[in-house]
Amino acid sequence: MTEPGTPVGAVAERATAGFRQRYGAEPAGRWAAPGRVNLIGEHTDYNDGFVLPFALPLRTVVAAAPQDGERWTVWSELADSPVEFGAAEADQPGRLTGWAAYVAGVVWALRAAGHAVPGARLAIASDVPLGSGLSSSAALEAAVLAALVDLGGLDLPAERRPRLAQRAENDYVGAPTGIMDQSAVIRCRAGHALFLDCRTESVEHIPFDLDAAGLAVLVIDSRAPHRHADGEYASRRKSCERAAAQLGVPALRDVSPDDLDAALARLDDDETRRRVRHVVTEDQRVLDTVALLRAGRVRDIGPLLTASHASMRDDFEITVPEIDTAVEAALAAGAYGARMTGGGFGGCVLALVEAAAADVVARAVVEAYAERDFAAPGTVTVLPSVGAHRT
Ligand code: GLA
């Protein structure tokens with residue numbers, strides 16, 4: 001197994017070193033935001049439902065200082081050259097592309113909300129893997145947002161930040177994602193999962209002390225190439241919205257499990273029925289998971305995780321062979337439960353395991369991959385960590 005997250009100090013040092021080298025000056029401060037995994041509640045956020053993510057010990061750190069005028073200069077250790085833009089580019093959604101679009105999108109969203117965003121120089125370092133479904137984009141948005149809010153002394157409490165970061169992604173970058181990722185990376189607490197009602201944005205921090213229970217969450221990076229992930233995500237979202245309209249409810253969250261059969265009978269095609277069944281049953285699985293965690297029955301959530309996976313595989317149809325293989329191998333090696341986490345079509349699987357068995361389960365997944373000639377997966381154990389903060 002690879003080691004868990006690099007200590008925040010190491011990533012922060014890289015951001016500071018990058019800032020000094022690039023700009024020949026000291027940063028005014030550093031702001032960190034983590035990646036996330038979602039324990040359960042997939043494709044429920046844009047249906048006004050429930051999710052239960054937690055923050056990873058892997059972080060993106062932004063070292064930043066103000067600069068005169070409405071200009072933003074951004075260097076990233078992952079890019080060949082820095083990007084510089086002004087208000088004109090920031091005010092035109094879609095004008096910047098690639099990683100810099102997430103930075104410009106935050107500037108745009110802040111300005112669109114009426115904030116006086118200070119010009120700034122930024123240097124970015126990150127341990128959150130890109131394209132693995134661990135919300136590297138939300139981590140970048142949240143760290144940049146925290147930096148600009150503090151540098152400008154802007155009045156933007158933490159509970160209002162996720163919506164703003166989401167607007168950067170939806171409207172500037174153009175990805176129609178829900179509110180989960182930005183909420184997770186901004187609002188999570190160490191040792192807790194974040195129970196979020198995506199309609200009201202109310203949160204409850206649910207104790208999820210894996211260490212104390214002798215448990216671990218093993219995150220398996222499937223390394224499966226993201227196949228058509230963007231188009232498929234958008235089409236799942238549309239089909240949920242169409243179904244809600246057909247059923248005459250504001251969102252699928254408003255269909256209760258008791259009403260599910262009657263609702264399904266009113267829909268005219270099988271595919272839509274499967275999509276709706278996933279969302280309605282998944283919302284209930286989140287509530288059941290929360291109830292078990294509140295009762296301190298952490299091991300007992302395993303079957304709910306596995307049922308969530310089956311629902312994503314069979315009803316929402318968003319898994320791929322590498323992902324299903326990882327889940328099956330983890331379960332066969334003794335995991336209490338396992339499921340894909342995130343938007344789907346690749347990305348990561350999480351498995352709830354005895355801490356002492358994490359290595360054995362990880363090896364079993366690696367072997368199952370080798371048997372099928374899949375590219376070797378990445379494996380890491382993680383603990384629920386803190387959300388965005390100044391560091
Ligand atoms: C992606 C999106 C989230 C959410 C998940 C699926 O991570 O960014 O908003 O919809 O997929 O649960």
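Biologist: How far does a backbone N or O atom of H43 lie from an oxygen atom of the ligand?

Modeller: First, this is a predicted model: local features need pLDDT of at least 70, side-chain atom pairs count only at pLDDT 80 or more, and totals for chains, interfaces and linings use all residues. Residues are numbered from 1 along each chain as its sequence is written, and side-chain values use heavy atoms, leaving out hydrogens and water. The residues around the ligand (a heavy atom within 4 Å of it) include H43. From a backbone N or O atom of H43 to a ligand oxygen atom, the distance is 2.7 Å.

Biologist: Which residue has a side-chain N or O atom 2.6 Å from an oxygen atom of the ligand?

Modeller: G178 puts a polar backbone atom 2.8 Å from a ligand oxygen atom, but you asked about a side chain. The one with an N or O atom at 2.6 Å belongs to Y233.

Biologist: Which helix supplies the largest share of the lining of the largest pocket?

Modeller: A pocket is an open set of points on a 1 Å grid over the protein atoms alone, where a 1.4 Å probe fits, with protein on both sides within 12 Å along at least five of seven lines; lining residues have an atom within 4 Å of a point. The largest one holds about 1000 Å³, and among the lining residues closest to its centre are Y102 and E169. Helices (DSSP runs of H or I, at least four residues) and strands (E, at least two) are numbered from the N terminus. With 4 residues, the largest share comes from helix 4.

Biologist: Why does D127 count as buried?

Modeller: D127 sits in the loop between strand 6 and helix 4. Its side chain makes a polar contact (N or O atoms within 3.5 Å, one able to donate a hydrogen and the other to accept it) of 3.1 Å with that of R14. Buried means under 20% relative accessible area with a 1.4 Å probe, protein chains only. D127 counts as buried because its relative accessibility is 18%.

Biologist: How many residues of strand 12 are buried?

Modeller: On one side G378, V380 and V382 are buried, and on the other T379 and T381 are too. In a regular strand the side chains alternate between the two faces of the sheet. Strand 12 is largely enclosed by the rest of the structure, because the buried count is 5 of the 5.

Biologist: Which residue of strand 12 is the bridge partner of L218?

Modeller: Strands pair if DSSP finds at least two bridges between them. Strand 9 and strand 12 run antiparallel and are joined by 5 bridges. In strand 12, the partner of L218 is T381.

Note on methods:
Points joined across faces, edges and corners; volume = space filled by probe spheres on them. Buried < 20%, exposed > 50% of the residue type's maximum accessible area, 1.4 Å probe, protein only.
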